[in-house]
Amino acid sequence: MTQALYSRTEKEKGGGGAAMRVIVPLQGVVQGRGGLVLGSIIPCALFYVLQFYLKRHRKDTDDQSNSGSSSQNPTPRSSSCGNLSELPGLTRNWSRGLSSPRSLRGPVSVSGRVSGIVKGADSPYYVGLRRAKEDPYDELSNPNGVIQLGLAENKLSLDLVEHWLADNAEQAMLRNGKELSISRIATYQPFDGLMEFKVAVAGFMSQVMEKAVSFNPSQVVLTAGATPAIEILSFCLADAGNAFLVPTPYYPGYDRDIKWRTGVEIIHVPCRSADNFNLSLAALDRAFDQAKKRGLKVRGIVLSNPSNPVGNLISRETLYSLLDFAREKNIHIVSNELLAGSTHGNEEFVSMTELLDPDDFDRKRVHIVYGLSKDLSLPGFRVGVIYSHNEEVLAAAKKLARFSSVSAPTQCLLTSMLTDAKFFQTLITINRERLQSMYAQFVAGLKKMGIKCIKSSGGFYCWADMSGLIRSYSEKGELELWDKLLNIAKVNVTPGSACHCIEPGWFRFCFTTLTEKDIPIVMDRIQKVSETCKLNR
Amino acid sequence: MRLIVPLQSVVQGRGGLIFGSLIPCALFYFLQLYLKRHRSHNPQSSPPSPTLSSPKLAELTRTSSRSNLFSRGSNGQVRISTRAISIAKPNDSPYYIGLEKASEDPFDRFGNPDGVIQLGLSENRLCFDLIEKWILENLKDSMMGSDDGDLNINGIATYQPFDGTLELKLAMAGFMSHIMGGAVSFEPSQMVLTAGATPAIETLCFCLADQGNAFLVPTPYYPGFDRDVKFRTGVELIPVHCRSTDNFTLSITALDQAFNQTRKHGTKIRGILLSNPANPVGNLLSREMLHAILDFAREKNIHIISDEIFAGSIYGDEEFVSMAEVLDSEGFDKDRVHIVYGLSKDLSLPGFRVGVIYSFNENVLAAARKLTRFSSVSAPTQRILVSMLSDTRFIEEYIKTTKRRVRNMYDLFVAGLKKLNIRCADSSAGLYCWADMSKLISSYSEKGELELWDKLLNVGKINVTPGSACHCIEPGWFRCCFTTIVEEDIPVVMERIQKAVKSTTNLSNSS
């Protein structure tokens, strides 16, 4: 804004200078009758014309440079062009029967909007994930590999899923266990999901949420994962240049899901360790006002509940006041409840849907995101859910699901898995027990080293305070520690800065990719680094 | 006026001229600023429907005590984004209306003989028996991994590479080169897999063009392009008209004309979107034409998206030439060519949702790989397909059989139409024919065409795609997909067309 003003004033100065010479002949008019009127109108008009001229001129030069890059200039200077072809000059004498002897131009560029995606430096979140994938730890075959604590994936209960699949997969695809309903899997299906699958998913969701809510299958849109579900909502609720309020620290993937293709911006609402990283309405209000001052239109709040990366739950009280806030500002709420079934504490999880009265008008502003990647530990299946009470959003989302549908065989398989109530009830219960036990052990291990975690009740991770180990209390210090953990200790964790946490020194540790016997190894590795850190201090 | 009076002394003093111009300028500037601010608020508070969004009202009703939170009833309704409003509206293209109608009341020879016969969906149901047999025999092994019945759960349940597993890319590359007669070999590392060809096209649009840029697309084109290309990307489609006198083949002159005209309007063209074999006409682009298009793209420095999803559905004697093959022979300047493929047509598995982006451009591949996060293929499906595509014996038999059956259906269908005096454009590929019914329409216009379409749908109870939905410049053309029906249905279809046509002629005679 200040920059814009500054350039404006510069222009004005130019305008004044140019106008001066022009105005001299008009002096007579100015000092005659009606001088004041003309004396103000004429400069105004001149100024207006000047602005107009400048605007036009600017556009022209743009156009010229554009057309230059596409038809004449062999190496466009625009950053989007990239250095694609290695030999742009040498290939000149190519000819195909000399049909276009004028020969070729430079490399063709990708669009401006993806050049950022291609070139943008990756956040430590993605760097770490890649490292851990390239050199994965394995007790026997690669004991010096990187231990993956950066990926929120749950392998604790995969044995149960495996069992079920081994027993039932074949039957699931066949009707009556005998006949293959080929037309059910091979042909075009409704792009937003088969109705029977929606029914099964709605039933599963309500089971996961302890039957406190019932979900209406006709308000469900299924997508190929929760990621596209969030992106589709982003498209539907905000236009390019609008913004969402998102409490920090938040899941690093949001920067991609919400912003990349939609052009929507994220306004951070900082939460602090002093409040146990709980969202405060005051901070929300402040962020909203600041965004407004910047001229940004805020279209909604994106919440994760249970939160990722902290793992705490949003209380009923806070949910009510959030709804209040949304009503007051007339904005949407996207509630990401992907981890609703993966709670391990004693706290009660409350879904946003639970607060909504059936005949309340405000239901239209609440949209739930869910998926089977976490609670059913099936991220590879790619199933996400949009649950909304807003018909318009549902209508648009259904059409956009064309770009991100769930594969039909997968739908058949899961329909039968999710109608097997006995199976998934066992799964949820056992998974909770195992989660609880892993959490307790992992947090205890960290505690022994003097690393404290925020008390959390949901999710596959703990949120650890390592600010005592960083050399400088800053993002730099935090990333140094992250680097040491990754390269010396060979454990990949997610640093708080990747989650836009306002306080340095916090790290997310996902412990559900481990087995119990891996925990001592992880602790050993961290211990090594923490000792060197303490020595250096 | 009164505001300016106090400044009079300033104006008439020293530097009067400077102040006299600067001050009004500044005032005018602030006025503009004010107006601008004010204006940007306006559209927000005046949404399409007058009852929506009234922030002021929201403030008024706010007494916000939690206890009577919901009793207050409603205040301002929250709006969705402007871009979603147009998407949320019901479809008004006859293409979608017809599809909906046919899926609501589908024809079945025994169960629903009065239902709508679906000739609007290019889906190949002729070889389901083969696929069914294969799946029945191989499902368990393919999905679970056959090694001693040991299910490798990690391969399907956990996060997989979002752009597709290497195994499936390898299998897909083999399948594609098989389908294209072995003339080209595809490099798995240049491949990105998506959940269908639709997101493949959309992803490419995101990668190749910015909002407000345009692609040239020869008409008539697949009605879905309007959605795939335009919906979310904000990219425009510039039609390049092909005519029946050229048998709807593309001419470089038309391409050039469209290019220049668009340039004049200030829109930047980023590429050409081709479908080869063409949908809805079913003709092929000749090798010469492909070279010429490549030359054109090179001259204008634009991209080429070649949608070759019907590459394996050839029923004529003409030879299909992939853009990849032409590039192989030229050897360089491959950066601008991107091929779209998928398994929905040639393997008749649209429900599986598997599409392919095959590109020679490293940057496009890098971006597309990241964007597949939004549209990945489900892991169990990938497993099944790896086995299926690697089963060369099955694939060979499948390709041969489909070709024979599609060709047979094409011959029967076209012959049937001929008997009704309906001529089809020369075509050699696809799952449809492109029929000229211009003699049957009451007025030679889009209106006449849609009247006939309506008659066919509501009286004849057959759903076909009218040319106008494909942006065909000449009225009276219809796309009829014949692979969703069986041989015995053809006489029924012909009868129904006759019935619908009769009712129109009766109508026009009586009126």
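1. Of the 511 residues of chain B, 58% count as buried, where buried means under 20% relative accessible area, exposed over 50% and partly exposed in between, with a 1.4 Å probe and protein chains only. The secondary structure of chain B comes to 17 helices and 13 strands; helices (H or I, at least four residues) and strands (E, at least two) are DSSP runs numbered from the N terminus. Among contacts in chain B between residues at least 6 apart in sequence, 74% join residues at least 24 apart, a contact being heavy atoms within 4.5 Å.

2. A word on the ground rules, before going further. This is a predicted model, in which local features need pLDDT of at least 70 and side-chain atom pairs count only at pLDDT 80 or more, while totals for chains, interfaces and linings use all residues. Residues are numbered from 1 along each chain as its sequence is written, chains are lettered from A and ligands numbered from 1 in the order in which they are written, and side-chain values use heavy atoms, with hydrogens and water left out.

3. Chain A can be summarised in the same terms. Its 537 residues include 57% that are buried, and its secondary structure comes to 17 helices and 15 strands. For contacts in chain A between residues at least 6 apart in sequence, 73% join residues at least 24 apart.

4. In chain A, do have a look at strand 10 (residues 384-388). Five of its five residues are buried, so strand 10 of chain A is largely enclosed by the rest of the structure. Gly384(A), Ile386(A) and Ser388(A) point one way from the strand, and Val385(A) and Tyr387(A) the other way.

5. Which strands does strand 10 of chain A pair with? Strand 4 (residues 220-223) of chain A is joined to strand 10 by four bridges and runs antiparallel to it, and strand 9 (residues 366-371) of chain A is joined to strand 10 by five bridges, also antiparallel. Two strands count as paired if DSSP finds at least two bridges between them.

6. The loop between strand 9 and strand 10 of chain A holds Ser373(A). At 4% relative accessibility, Ser373(A) counts as buried. Leaving out residues up to four places away in sequence, Ser373(A) touches Leu378(A), Pro379(A), Arg382(A), Val383(A) and, from chain B, Tyr159(B).

7. Trp482(A) sits in helix 16 (residues 475-487) of chain A. Its 9% relative accessibility is why Trp482(A) counts as buried. Residues up to four places away in sequence aside, Trp482(A) touches Pro124(A), Val127(A), Gly128(A), Asn492(A), Val493(A), Pro495(A) and Phe507(A).

8. Back in chain B, an open sheet of four strands has the order 9-10-13-12, with antiparallel pairing. Strand 9 (423-424) and strand 12 (465-466) of chain B stand at the edges, each with a single partner strand, so one side of each is left without a neighbour in the sheet. Strand 12 and strand 13 (residues 477-481) of chain B are joined by two bridges, and Thr465(B) has Arg479(B) in strand 13 as its bridge partner.

9. Helix 15 of chain B packs on this sheet, touching strand 9, strand 10 (432-436) and strand 13 of chain B, and its direction makes about 15° with that of strand 10. Helix 16 (residues 446-458) of chain B lies across strand 12 and strand 13, running at about 30° to strand 13. For these angles, axes are lines fitted to C-alpha atoms, for helices over the stretch in contact, and angles run from 0 to 180 degrees between N-to-C directions.

10. Helix 15 (residues 392-419) of chain B also packs with helix 7 (residues 166-179) of chain B, at an angle of about 35° and with the axes 11 Å apart. Phe175(B), His178(B) and Ile179(B) of helix 7 and Ile395(B), Glu396(B) and Ile399(B) of helix 15 make the contact.

11. Helix 11 (residues 287-300) and helix 12 (residues 323-330) of chain B pack at about 70°, with their axes 10 Å apart. That makes helix 11 of chain B roughly perpendicular to helix 12 of chain B, a label for angles of 65 to 115 degrees, with under 35 roughly parallel, over 145 roughly antiparallel and the rest oblique. Residues on the helix 11 side include Arg287(B), Leu290(B) and Arg298(B), and those on the helix 12 side include Met323(B), Glu325(B) and Glu330(B).
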